[in-house]
Amino acid sequence: METDDVPLDDKAKRMRDLLSSFYAPDPSSTDNAPSNPGTLDAINTTSFDADQYMNLLIQKSNLEALLQRHVEMAAEIKNIDTDLQMLVYENYNKFISATDAIKRMKTNIVGMEANMEQLLDKIMSVQSKSDGVNTSLFEKRERVEKLHRTRNLLRKVQFIYDLPARLEKCIEAEAYVDAVKFYTGAMPIFKAYGDSSFQDCKQASEEAIAVIVKNLQGKLFSDSESIQARAEAAVLLKQLDFPVDSLQVKLLEKLEQSLGDLQLKTNDIENASMKSNDPKQGKVSDSVHISAHEGSVRGFAEAISAYRVIFPESEEQLIKLVQDVVVKHFETTEQYVKGRISSANLLCVLRTIWTDVLLLDEVLSEAVLPVFSLEAAQIALKQHVASTFNYLLQDISDALVRVNASSKEAAEEHPLQVALEASKKAVLQGSMDVLLDFRQLLDDDLHLLVQLRDFIIDWVQEGFQDFFRALYDRFLLLSGRNSSSRQDQGLTGAHGEKVLAGLVLVLAQLSVFIEQTVIPRITEEIAASFSGGGARGYENGPAFVPGVICRIFRSAGERLLHHYINMRTQKVSTLLRKRFTTPNWVKHKEPREVHMFVDLFLQELKESASEVKQILPQGLARKHRRSDSNGSTASSRSNQLRDDKMTRSNTQRARSQLLETHLAKLFKQKVEIFTKVEYTQESVVTTTVKLCLKSLQEFVRLQTFNRSGFQQIQLDIQFLRTPLKETVEDEAAVDFLLDEVIVAASERCLDPIPLEPPILDRLIQAKLAKWKEQNPISP
Amino acid sequence: MQGGSSGIGYGLKYQARCISDVKADTDHTSFLTGTLSLREENEVHLIRLSSGGTELICEGLFSHPNEIWDLASCPFDQRIFSTVFSTGESYGAAIWQIPELYGQLNSPQLERIASLDAHARKINCVLWWPSGRHDKLISIDDENLFLWTLDCSKKTAQVQSKQSSGMLHYLSGGAWDPHDINAVATTCESSVQFWDLRTMKKTNAVERAHIRNANYDMKNNHILVTAEDESGIHIWDLRKPKSPVKELPGHTHWTWAVSCNPEYDGLILSAGTDSTVNLWLAPTSAEEEATSESIAEPPAQHADPLLNSYSDYEDSVYGLAWSSREPWMFASLSYDGRVVVESVRPFLSRRVGVS
């Protein structure tokens, strides 16, 4: 039935529905949807009304459909009939098989009861027999047990009595492990009965144990014994309740003593490396010392490892001890670094320390010595870098101060030049040496240094940055530019002002040298071998910023140069001030000769020129520049302005003529007087002269002259004309300024009548003759 | 730096050294200036800035008997001013009054209220107390300091007290402390000296050579600014006279005059013989930062104190005056007799923090 369910799908489905509805507890629940009796589909429901159905059918369908329906219905009815038949048959089948099963069960149960009764009988008999055996053997077993207990007791007593002898034997055989085992085994008994029955025994064995303890201690402290043996001894002693702590302390003290030895060795190394500055014998003695030191460190390491095995719980103390060693190492190193040492020496010391650290690390890795020493080395190296730069700074300022000292003696012909060269060398060579020195640190493959590489690079870069800043400060201090330092240097400034001026010039030129030569060299060098770094984080950029330093020194150079010119002009100013404030110009007498302030003025200029000549380079195109200042660019500008001015002055004709000429001249001045100072001899001298002449003009403007006073000024200025032109690059400007002084004097004169040219000439010639007489060699 | 297109010019007939703000004139921004001509007839000009601020108008032109070396307007009466003058051989100082109806007169004469004729030496300057009405005047000559009592109504001036500066101290100028009616600073060759007018005794001194000019800060007590021949401008806190609070580079040649702005803190003008006027901003309120300032710091981190350099002058600039009515205006006077009035407005808003 189930097999042919594919063609009879409908049928099977209906069958199943019917079966389930048959077995369902509540048939009404199957047709939960009360279907509308008014439709033809309601045929399968319980509320099916045959008449109504028929009526509906007849009403709705035509004859043909009815016939068709009839045929269909007949077939369906037939189908349903067969289904019903099949259902009945199936139910019956199941019932029959159930009765079969029940019948079989009944026959099986019948024979079982007899078997069960038999089993019960047998179990009963086994039980009664075993009871019999039990009762008969009970007595004997009790006795056996008692005897056994006695025997054990006797054996123990025997052991106790034998203990001293056995211990003796153990001592002889040095089998301390057994001895201790025995003794500890006997201990509970001794504790319980030691005061009564086993007193002798106890005493004897205690004596023996005392001997053992002593032996063990000896063993523990003797260095000749193997570490295992010593460790065993320690363990045994601990088992014997011996106060191990005191032993531990003692042993630790011993270790600490050897620490002292180690420390001494480090000093030796320092000495050795000090000696190694002498390259021939240094190496040998160095290595000897190092190997000696290494030996002692190795010994120490062994001792440590032994100690550690012996007293495994004492790790903390050991770590402290070992770290102490390293700390002390680095303390001495730091002390050492404070002195003036080369990186090679430092390297030597560091290498020694590092081997020590490695040795110790092997035995006691928990102390994290490498990390620890890395930190310490970091500090030491940083100090080294700092102190190296300090010494460099010291060197340079020494070289500069020597300028002061040596030029005071004035024995040398060109003290400033010498000083400049010396200090240039000090700066360049010094910083190159420093770099080279630090490179040794970088190139070394010592693990310690490799790890610190980035740091070293940063420190060196930072070091240079700070160094140049410090150098700049030092320059300012030396030049007396800092007002705060001026008070400290009051004395030197007072008696060595001349020297100081020269020094300022040297400093100015040195600043230029640093900016143009030293910094690029160092930058190059750093780029070549000190690049990288970056341990301080990239957001901060590299530590060494050549641009900033260059800017600092460029401005420093300019400031110092200006300062030098200022110092020079200041001296001339004082001279001029005295010249113009002392006499009563309104009652001046007729000029007889060129006033001597001119000599002094020229003297000052000469001095300045000689200083400048030693330090600064000569200007390249002297002639060219002169033509330049008169040249097209300047004049074109002033022409244009002048035209402007002319048109304006036309409208204001009322103005005095003096003013007009004055204005016209002033354009030239605007173009030329205050030009930028350059690092050339001519430029500096010219600037000095210009400033002095301008001062002269200002002083003249503050006075009122009579005719003779005016003529005196005219004479002095006329005389100045020739020597000044010789020294100065920008003739036109100087000429103009000299004219300007005369104009100023005439403006301030009550009766401006100039000297007759012949008289002027005569007076100048007289002065020139006198001048030649006084300075026969001078050009 | 740039052309003088921003400045308003005014030409005097002759050379001139001194210009003064007419502080008492509260309705107009006006200046007084006097010429310095040895051989011509000298003039005093009263200049007023037109209401549009685009023109300088000559409000009054008065003849003055001698060349004028110093001129100061009375801070409480706009018609009164003082001059120091010279005939070439002798010096004199006088208080003048501008006649009432000068606008209607053709060539009005100045009325001399009083002449300060107790001086035997070269007179350097006459000082009014800058902060208000005070009937005292100070005049300084080479050797002496005079305190005068001025009575404008009676037209008299009497010497109240006099003090010699001491041997070898040639006085060159001075400044009256606007915060203390009894304190005056005088400059001499090697130092700035401070005087108490009640006792006429020296109270303090700043040792510094070649000081040309000194000016008290109107806003901050104890602050004095000095100008020196070679070494620029220094700002001093008078409680710490040992070393200056601040240093400014000054001018290429001498720094002739300095003037603190009466309104804006730390705004300083300086005039120099290199034919420029420099405008500086050097607030002293942040003086701690200033003194500890390390010069090694990158210059970029410190703002340049020089705000502007006015270089459109054709000769040394000796005269300098802030307008007290419009404190962003100043007048400068170069030796060739050109008055230039400029506004510092364009440089104010940026750093001074003024709207």
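Q: How much of chain B counts as buried?
A: Of its 355 residues, 62% do. Buried means under 20% relative accessible area, with a 1.4 Å probe and protein chains only. This is a predicted model, where local features need pLDDT of at least 70, side-chain atom pairs count only at pLDDT 80 or more, and totals for chains, interfaces and linings use all residues. Residues are numbered from 1 along each chain as written, chains are lettered from A in the order written, and side-chain values use heavy atoms, without hydrogens or water.

Q: How many helices and strands in chain B?
A: Two helices and 28 strands. These are DSSP runs: helices are H or I with at least four residues, strands are E with at least two, numbered from the N terminus.

Q: Where is B:D237?
A: In strand β20 of chain B, residues 232-237.

Q: Buried or exposed?
A: B:D237 is buried, at 1% relative accessible area.

Q: What does its side chain pair with?
A: The B:D237 side chain makes a polar contact with that of B:R239, at 2.9 Å. A polar contact is an N or O pair within 3.5 Å; within protein, one atom must be able to donate a hydrogen and the other to accept it, and residues adjacent in sequence count only if both atoms are side-chain atoms.

Q: Switching to chain A. How far does α14 reach?
A: Helix α14, residues 447-479, reaches 46 Å from first C-alpha to last. That is close to the 48 Å expected for its 33 residues at 1.5 Å a residue. The expected span is 1.5 Å times one less than the number of residues.

Notes
Buried < 20%, exposed > 50% of the residue type's maximum accessible area, 1.4 Å probe, protein only.
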